[in-house]
Amino acid sequence: MITRRKWIGMMAGAGALTALSSPGRRFLEKIVHDNVRNDLFRPQLHETRNYVQINFYGAPSRLSFDSILKPFDDSLFVSHPFVANRISSQDRYDFTKVKLEYGTEKINGLNLPYLWGETIPGVNGNTHRLSELLENSLFIRGCRLDFEGHPLNGIQQISPVQGGLSLNGLIGDQSKSFISSVSVGSNPVARAFRSEKSLLLEVPPGESNYAEYILKPFLLEDVDSLFSDGRLPAAFDEIAKTYPSEFKDIVELRKQSLKYFQKNIDKFTHEFAQLQAKYTELIHLAIETNTTYNIQSPAFPLQVSGKKSIKDILGPFSIEEKFFPDLDMQAFIKSGEFNYWAQEFALCEFLLVNNICQSVLICPPRETGDLITSCVSGKAYHFQHIEEMFDAKANVTSLKLKAGSELEKLNQTFPMDAHDTGIVFDILTTKQFFRAISTCLYELISQLKKTKIGDKTLFDETIIHLASEFDRNPSTDGYGSSHLHNSNPTSIFSGCLKGPSLIGNIYAGTLKKNDDEYYGTIGVGAPVKELGTPIKIGNISSTLSTLLRVKPIVKRDPPLIDEKTYRSVVERAQNIEGVS
Amino acid sequence: MKTFLLIFFFVSSVQARTHVFADRYYLSSVLEYVFGPQAKKVITQNILMNGNVFGGPCDVYEQIRVGKNEFANPETTRCFRGKQEFNYPVHAKPSLMREALMIKTCRALVENDHTFQFAKKRAGEFDSINESYVQRIESLFDPNFKIDEVRTNENLKGIKDYYFTEKKLKFLFYQSCVYPKWQLI
């Protein structure tokens with residue numbers, strides 16, 4: 001027979017059980033979860049700094065952003081018409097006549113590409129001067145790379161010794177964060193991760209929600225009460241005591257995993273979606289507010305003076321031997337898509353601000369990157385559909401469409417590897433691209449600055465490194481550009497830096513014909529007095545290692561900054577007479 | 001004697017330092033054996049698609065391309081996310097991600113009624129939960145299973161918190177599933 005006391009006890013127990021089962025328990029968990037999450041995912045001071053590499057794999061021209069060719073008013077500078085980042089004018093009557101220039105803006109005594117003088121959009125309708133980022137910047141130019149080609153030079157940006165450790169591997173090895181290292185993008189740079197003991201989490205670029213992908217192993221689905229009643233971790237602890245001693249590290253890892261399971265971190269995925277929306281909007285605004293010269297492509301029929309080829313006349317306005325007649329070129333570029341970078345910047349902010357990861361590598365999603373995809377065109381012609389005729393008497397070349405030529409409607413993508421991109425398109429696309437990237441970069445840095453770690457900020461403890469395989473060498477006819485592996489610009493941003501600071505010497509170049517086919521000042525690396533050689537990738541890597549507080553990968557190549565003050569230890573950046 | 005001691009310390013320290021985990025293909029094959037064909041979806045999602053976590057490069061030449069993004073045998077490809085999987089490590093290191101994915105996989109397989117019933121059947125006739133039954137479950141995962149009385153007793157102690165037999169059995173299958181020993185080679 002059940003006594004009244006026992007009955008009350010049983011009812012109380014049943015009531016408690018009900019409270020502890022779903023949905024009551026989930027409600028309790030949410031309250032606990034919010035408080036506990038703050039402890040688990042709060043930014044902290046680590047042994048190393050955080051590292052973000054934004055890699056433009058495909059190597060777009062850097063003339064719009066950080067290819068600093070004439071840093072001071074007295075710098076030797078040999079101007080070439082196709083070493084340009086701005087369209088300054090177009091003849092009203094002859095659209096083939098376009099004036100281009102390498103435009104700069106003087107900021108804090110340094111002549112930087114004119115983009116740095118622009119105003120960029122921020123969140124909530126605010127605007128900012130991009131030049132505010134210069135306060136914590138370091139630009140390195142004139143780095144000469146050892147190899148030709150994208151893969152090896154790309155890999156060196158993260159792993160300077162072929163097959164050796166990578167910067168993100170070193171950070172990962174010392175990281176105590178939830179995840180040691182993350183990369184997004186499918187290309188040789190993303191695959192260059194090498195570490196002694198840590199793991200890289202590669203996020204497939206096609207994922208719609210990167211955060212969900214990363215946290216998927218730790219997300220708790222609705223399950224039976226076997227696993228949601230909290231007994232499992234305690235039971236696991238007991239049984240883990242029977243594991244052989246060789247499994248001690250696995251036991252620790254498993255305990256951590258179970259802890260994260262219990263904390264039920266699916267709330268993060270909603271946060272990430274909001275971040276992605278924010279950066280998408282910023283990119284949209286950056287493009288909408290991008291002002292350049294209102295340039296129109298020529299229309300048919302076309303006549304120019306002198307004997308010229310199709311490529312000579314239309315090359316600057318073409319891509320992949322396709323010409324778009326009578327086109328508002330700026331509007332055409334603006335119609336394109338760009339948005340995977342929004343998710344990548346969102347991921348950087350998400351991982352760093354929540355202390356989920358200390359090392360993030362973001363790159364283009366495919367094997368080579370695109371500046372802009374799917375620009376919507378009404379009509380395009382291949383060069384093979386165009387006829388050129390030279391009238392020797394009048395000394396005039398005429399271009400017209402061949403009989404039976406058909407308009408081709410297509411969506412055009414502009415690759416970073418601009419071998420077949422006319423100079424006018426290249427200027428427009430790279431300017432738009434770097435303006436959008438800079439806008440995202442500004443927002444990311446703002447958020448890092450807002451995040452406090454004691455008396456420092458997260459930005460003080462983060463190194464943001466912008467890199468690509470090399471800069472580009474424009475052709476002499478305005479159609480396309482080739483790889484310039486003797487020039488590898490690098491930009492670094494961090495709260496621990498005082499800028500703007502520029503390191504590295506380049507050759508001023510020549511307009512005369514030469515074996516290297518370098519015309520004008522284009523950034524070819526020249527020797528630095530303190531090194532005895534031009535800057536090498538090992539010097540850049542050692543500089544990054546100093547900032548990151550990790551051991552240098554290439555010990556024989558010293559850093560370019562002082563280990564304590566982070567100030568440059570080499571001479572003021574010079575343009576030296578010569579070619580290469 | 002000194003030489004013997006030196007060798008002993010060296011061997012045991014090497015053993016303590018080095019886990020050589022089997023790769024994703026081995027793990028998925030064992031789990032499919034234990035939990036049945038209906039486990040395939042969970043195993044593919046959590047283990048096969050995470051080659052960088054579990055190790056196991058694929059053979060890039062198995063992809064016979066017949067079009068820009070078409071392959072002659074896409075359904076049988078073991079390069080699940082693309083040709084870059086040929087570069088995955090042969091063996092994975094212990095990591096938080098690996099442990100989390102194993103926990104998630106084992107949980108899902110044990111909680112799913114179809115896969116759990118399949119595993120129960122695999123373990124043979126069930127009379128009661130005793131030492132021999134616990135060892136039968138362990139041996140499903142590990143063909144080189146050696147009886148570990150201490151571990152068996154701890155497992156039997158662990159189930160005391162559960163009232164229903166099914167829950168007790170799920171607990172046992174789960175513990176065996178996540179046990180690292182069968183995952184080593």
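The model is predicted, and the exercises should be read with that in mind.

**Exercise 1. Strand E1 of chain A**

Task: determine how many residues of strand E1 (residues 50-55) of chain A are buried, which way their side chains point, and which strands pair with E1(A).

Solution. Begin with the accessibility: a residue is called buried when its relative accessible area is under 20%, and on that criterion six of the six residues of E1(A) are buried, so that the strand is mostly covered. Next, sort the residues by direction: A:Asn50, A:Val52 and A:Ile54 point one way, while A:Tyr51, A:Gln53 and A:Asn55 point the other way, and all are buried. Then turn to the pairing, where six bridges join E1(A) to strand E23 (residues 462-467) of chain A, the two running parallel. In this pairing A:Val52 stands opposite A:Ile464. Strand E15 (residues 359-362) of chain A also pairs with E1(A) in the parallel sense, over four bridges, and here A:Gln53 has A:Leu361 as its bridge partner.

**Exercise 2. The disulfides**

Task: find how many disulfides the whole structure contains, and for the link of B:Cys58 and B:Cys79 state the torsion about the S-S bond and the handedness.

Solution. The search over all chains gives two disulfides. One of them joins B:Cys58 to B:Cys79, with an S to S distance of 2.0 Å; the angle about its S-S bond is 100 degrees, and the link is right-handed. Both cysteines are placed in the loop between helix H4 (51-54) and helix H5 (96-111) of chain B, 21 residues apart, and the pair links distant parts of the chain. B:Cys58 counts as buried because its relative accessibility is 9%, and B:Cys79 likewise counts as buried because its value is 2%.

A disulfide also joins B:Cys106 to B:Cys177, again with S to S at 2.0 Å, and the torsion about this S-S bond is about -70 degrees, so the disulfide is left-handed. Since B:Cys106 lies in helix H5 of chain B and B:Cys177 in helix H9 (residues 165-178) of chain B, the pair ties together parts that are 71 residues apart in sequence. Both B:Cys106 and B:Cys177 are buried. When the bonded cysteines are counted along chain B, the pattern is 1-2, 3-4.

A:Cys348 is buried, with a relative accessible area of 0%, and A:Cys357 is buried, with 2%.

**Exercise 3. The two domains of chain B**

Task: describe how domain 1 and domain 2 of chain B meet, from the distance between their centres to the salt bridge across their interface.

Solution. The domain assignment gives domain 1 as 20-56 + 91-183 and domain 2 as 58-88. Taken over C-alpha atoms, the centres of the two domains are separated by 30 Å. At the level of contacts, nine residues of domain 1 of chain B touch six residues of domain 2 of chain B. The area buried between the domains is about 700 Å², and carbon and sulfur atoms give 57% of that area. On the side of domain 1, B:Arg24, B:Tyr25 and B:Met49 supply 63% of the area that this domain buries against domain 2, more than any other three residues. Finally, the rule finds one salt bridge across the interface; the side chains of B:Glu85 and B:Arg24 meet in a salt bridge, at 2.9 Å from N to O.

**Exercise 4. Backbone exceptions in chain A**

Task: locate A:Pro301 and A:Pro500, and decide whether A:Asp326 is buried, partly exposed or exposed.

Solution. As background, most residues other than glycine have a negative phi, and most peptide bonds are trans. A cis peptide bond, however, joins A:Phe300 and A:Pro301, with omega about -10 degrees, and A:Pro301 is found in the loop between helix H9 (267-288) and strand E12 (302-305) of chain A. A cis peptide bond also joins A:Gly499 and A:Pro500, with omega about 5 degrees; A:Pro500 lies in the loop between strand E26 (490-493) and strand E27 (501-503) of chain A. Turning to phi, A:Asp326 has a positive value of about 50 degrees although it is not a glycine, and it counts as partly exposed because its relative accessibility is 42%.

Conventions
Residues numbered from 1 in each chain as written. Chains lettered and ligands numbered in written order. Predicted model: local features only at pLDDT ≥ 70, side-chain atom pairs only at ≥ 80, totals over all residues. Heavy atoms only, no water. Buried < 20%, exposed > 50% of the residue type's maximum accessible area, 1.4 Å probe, protein only. Pairing = 2+ DSSP bridges. Disulfide = S-S within 2.5 Å. Domains from an automatic or database assignment. Contact = heavy atoms within 4.5 Å. Buried area = accessible area lost by both parts, 1.4 Å probe. Salt bridge = Lys/Arg side-chain N within 4 Å of Asp/Glu carboxyl O.
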